[in-house]
Amino acid sequence: MAYLVLIGTRKGLFTARSDDRAHWSVDGPVKLDDDGFTAVAEIYAAACDPATGRVLIGADTFFGPSIWHSDDHAATWSEPQNTPMAFPQDLPYRPLDFSETAGIDQPDSDKTNTVKRIWQLAFGPGDRVWAGVEPTSLWTSDDGGQTFTFNQALWDHPQHTTWASGAGGPAVHTIVPDPTDPDTLTVAISSGGIYQTHDDGKTWTGITQGITVDYGPDEAPESGQCIHKVTRDAAGTLFTQSHGPAYRATRPDGGWTNISATLPSNFGFAIVAHPTRPGTVMAWPVGESMDRTPPDHRIGAWRTTDNGETWTPWGTGLPEEPYYGTVMRDGACTDAAADDPGWYFGTRCGDVWTADDSTGEWRLIAAHLPDVLCVRAMETP
Amino acid sequence: MGAIDVKLPAALASECGGARHLTVDLPPGATLADVLDQIDARHPRLGRRLRDEAGHLRRYVNIYIGDDESRRLQGLATPVDGHDLQILPSIAGGA
């Protein structure tokens, strides 16, 4: 088998290819469009569908956001002629932030709901694709990511008044499909919380209760928490890295268990479940809210094999010297290879590593890229 | 009113098959929005590069009507009045 890695950065998409995960060929910045302006686009969202080979890229360009797709493993790219997503123009305007709600105008606000940024793309069964967007909204495509429909039910959730803008902007930034149930989907919002549907997006339930905060008036709010990432393991258990501790929920309606006791910090973004081993999860901790560098300035992944009860540093081969770049919320993934999954992560210093699950030997794929915003990988023929 | 010329930046030329100029026929009293509506109809991908789904000019897109930038006039409601247009993206790549 071969491997394809999509690396979204602050200045364009890079690709990496390998036959053995040891030797890599890196290309980029990729010109998704014929004129080449996407080579300086911010790439927050990438998605791979191993079943069809299709890959999707959400690019935020200075001519607006759009979605490109490739059906030849990122060799050539296409973009729909018509806009892939557009807010209903009869939708009442929703302010982007509490300050705007209070009447403080935001720069460049035109008081209309428009797609500002594509934060997340995720494949579901069949031709289904979901998109998480700023301002905080979820979109559904049933033609493989060509055209998207706005999910009104999540937008209208009564708890939306507790949602606000994180530093990156108000967005649905995480979409977690359930491979056993196409009607079930979990999404996360910063700041806002975690929401789940069991009827294909017709109704949504907030499931964030039990995740505590130290930055608000209420330590245990029903919603409004700043959730950084959610991942689902092979048994269906959800793990989340919040703007604070990491948590586990075997059944979301049963509450969340703090699993940060043996992590080196109570902060981080990226957390990724093992594709086949229940209870095995990787996390890339960050020092703290006010110190956005790796704990002790050592870049590294931490791993649990017991549902987060204990975490230990995992792997060899990462820099021993001080390292200051962190891993963003979508900066880590697996390729879900059946025999021996590969792990991948990229940092804000522009370095990207991979390790085989069987060895834990981290190898550098690329160095000194623009800061890495997202990493996605898959096996290719 | 007749036909006017719309000059495109190189960064958007491929949306018109590489052409740097579009000719747009306009009725009397046509505004900048009318020009962009025609571009939308003929080249929808170019149209959405210029305006968002609410119809607002994108932040880094500047359109000159004759010698004046449209935001300093009446924006999209500015009568074109026979002037040629030039679309100029901001130099906004950052670091």
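Analyst: Some ground rules come before the labels. This is a predicted model, in which local features need pLDDT of at least 70 and side-chain atom pairs count only at pLDDT 80 or more, while totals for chains, interfaces and linings use all residues. Residues are numbered from 1 along each chain as its sequence is written, chains are lettered from A and ligands numbered from 1 in the order in which they are written.

User: Why is Met328(A) called buried?

Analyst: A residue is buried if 20 or more other C-beta atoms, placed from the backbone, lie within 10 Å of its own; 12 or fewer makes it exposed, and anything in between partly exposed. Met328(A) has 25 C-beta neighbours inside 10 Å, so it counts as buried. Its place is in the loop between β22 (312–314) and β23 (332–334) of chain A. Strands such as these are DSSP runs of E, at least two residues, and helices are runs of H or I, at least four, numbered from the N terminus.

User: What does Met328(A) touch, not counting residues up to four places away in sequence?

Analyst: Contact requires C-beta atoms, placed from the backbone, within 7 Å. On that count Met328(A) touches Phe269(A), Ala270(A), Arg348(A), Val372(A) and Leu373(A). Phe269(A) is 59 residues away in sequence, yet the C-alpha atoms are 5.7 Å apart.

User: Which residues touch the most other members of the largest nonpolar core?

Analyst: Ile7(A) and Val375(A), in a core of 101 residues. Such a core is a set of buried Ala, Val, Leu, Ile, Met, Phe, Trp, Tyr and Cys residues joined through C-beta atoms within 7 Å. A second, separate core has 19 residues, including Leu8(B) and Ile39(B).

User: How do you know that the buried residues of α1(B) lie on the same side?

Analyst: In helix α1 (residues 32–42) of chain B, the buried ones are Leu32(B), Val35(B), Leu36(B) and Ile39(B). They cover an arc of only 95° around the axis, so they sit on the same side of α1(B). That arc is taken from the directions from the helix axis to the C-beta atoms. An α-helix has 3.6 residues a turn, so residues three or four places apart point the same way. The partners of this buried set in chain B are β1 (2–7), β2 (21–26), α2 (44–50), β3 (61–65) and β5 (85–89).

User: Which residues does a cis peptide bond join, with omega about -5°?

Analyst: Gly28(A) and Pro29(A). Pro29(A) is in the loop between β3 and β4 (42–48) of chain A. The bond from Ser190(A) to Ser191(A) is also cis, with omega near -25°.

User: How many residues of chain A are in contact with chain B?

Analyst: 19, against 18 residues of chain B.

Notes: Contact = placed C-beta atoms within 7 Å.
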